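Thank you all for making time this morning. I would like to walk through one structure with you, taking its pocket and then its ligand in turn.

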Amino acid sequence: MLRLDRLVKTYKTGDQALKAVELDIPSGQVTALIGPSGAGKSTLIRCINRLVEPTSGKVWLGDTELTALGAGALRRERRRMGMIFQEYALVERLTVMENVLSGRLGYVGFWRSLTRRFPQADVDEAFRLLDRVGLLHMADKRADELSGGQRQRVGICRALIQDPAVLLVDEPTASLDPKTSRQIMRLICELCAERGLAAIINIHDVALAQMFVARVIGLRFGEVVYDGSPDGLTPDKLTEIYGEEDWEATIEKVEDEDDAEAVA
Ligand SMILES: Nc1ncnc2c1ncn2[C@@H]1O[C@H](COP(=O)(O)OP(=O)(O)OP(=O)(O)O)[C@@H](O)[C@H]1O
Ligand SMILES: [Mg+2]
């Protein structure tokens with residue numbers, strides 16, 4: 001349902017962030033995108049909804065070629081792509097409820113959005129989503145009063161209230177502690193399964209990706225160097241993606257944390 005066809009991004013600085021990336025993401029599939037810093041993960045995500053304009057190549061969402069759309073049509077298609085960021089990007093002085101409802105701004109008319117009067121159906125759905133992520137009691141809190149994990153849950157609700165077909169998720173756990181990171185990853189993956197949503201999740205932490213997704217794509221220097229199951233990520237493969245690093249140590253560290261959690 002999401003297809004990248006020889007997608008290239010060369011920044012003005014000459015950085016070749018993506019080199020003819022070919023990718024097919026079927027409906028409902030949750031995929032983790034891993035790779036070292038600078039591999040092009042954020043660029044790939046942003047080229048899909050054209051927050052970053054691709055240099056060449058095509059992006060298809062279902063039967064629609066996103067890369068061929070004018071501004072108005074692109075705005076409409078963006079409703080079908082929910083985005084979740086590392087830095088949450090909430091409006092600090094607005095309440096949790098208002099932040100969630102801002103996900104509907106692509107749908108409600110201009111005047112309504114100015115006065116922030118949303119249809120009752122949107123408000124009901126926002127309550128349902130907040131309940132689902134365990135934040136119902138916080139609907140009236142200001143965003144700046146929340147913890148990192150709570151903020152990310154609000155970001156998830158805001159993306160889902162768009163009723164998207166695909167979620168684009170950029171480092172959702174980068175600012176969170178290990179336990180909260182696992183909770184957030186689990187929540188995103190459960191919600192995708194419940195709603196039949198496809199997702200691409202950029203994630204630094206390989207062990208975390210392996211815990212939750214069925215497919216992992218490894219990016220290195222703007223090229224796909226791995227595309228397969230998490231189990232196939234052998235130390236050799238990981239070295240190919242990341243270069244020389246001590247993978248055994250990384251994975252042991254996560255197991256230690258899990259033990260500590262079990263004891264606590
Ligand atoms: N706005 C920009 N202008 C110029 N070059 C950029 C820009 N954004 C990214 N790049 C370059 O493109 C390449 C890919 O960057 P990108 O941010 O996509 O990597 P990433 O895999 O998301 O890295 P990280 O894990 O650090 O977030 C890098 O070489 C980066 O320096
Ligand atoms: Mg990035």
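**The pocket and the ligand site**

Let me begin with the lining of the largest pocket, to which helix 2 (71-78), strand 6 (81-85), helix 3 (96-101) and helix 6 (148-160) each supply at least two residues. Please keep in mind throughout that this is a predicted model. Among the contributing elements, strand 6 gives the largest share of that lining, with four residues.

The volume of this largest pocket comes to about 530 Å³, and of the 24 residues that line the pocket, those closest to its centre are Arg78, Ser102, Gly103, Gly106 and Gln162. When the lining is sorted by class, 11 residues are nonpolar, seven are polar and six are charged.

Let me now turn to the ligand. Ligand 1 is surrounded by 13 residues, of which Ser37, Gly38, Lys41, Ser42 and Thr43 are the closest. Helix 1 (residues 41-48) provides the largest share of this shell, namely three residues, and by class the shell divides into four nonpolar, seven polar and two charged residues.

As for individual polar contacts, a polar side-chain atom of threonine 43 is 2.5 Å from an oxygen atom of ligand 1, while an N or O atom in the side chain of lysine 41 lies 2.7 Å from a ligand oxygen. The backbone also takes part, in that a polar backbone atom of alanine 39 is found 3.2 Å from an oxygen atom of ligand 1. Taken alone, ligand 1 exposes 640 Å², and the protein buries 63% of that area.

Definitions and conventions. Residues numbered from 1 in each chain as written. Chains lettered and ligands numbered in written order. Predicted model: local features only at pLDDT ≥ 70, side-chain atom pairs only at ≥ 80, totals over all residues. Heavy atoms only, no water. Near = heavy atom within 4 Å. Polar contact = N/O pair within 3.5 Å; in protein donor to acceptor, adjacent residues only side chain to side chain. Areas by Shrake-Rupley, 256 points an atom, 1.4 Å probe, with all protein chains shown as cover. Nonpolar A, V, L, I, M, F, W, Y, C, P; charged D, E, K, R; others polar. 1 Å grid on protein atoms, 1.4 Å probe; cavity = no way out; pocket = protein on both sides within 12 Å on 5 of 7 lines; lining within 4 Å. Points joined across faces, edges and corners; volume = space filled by probe spheres on them.
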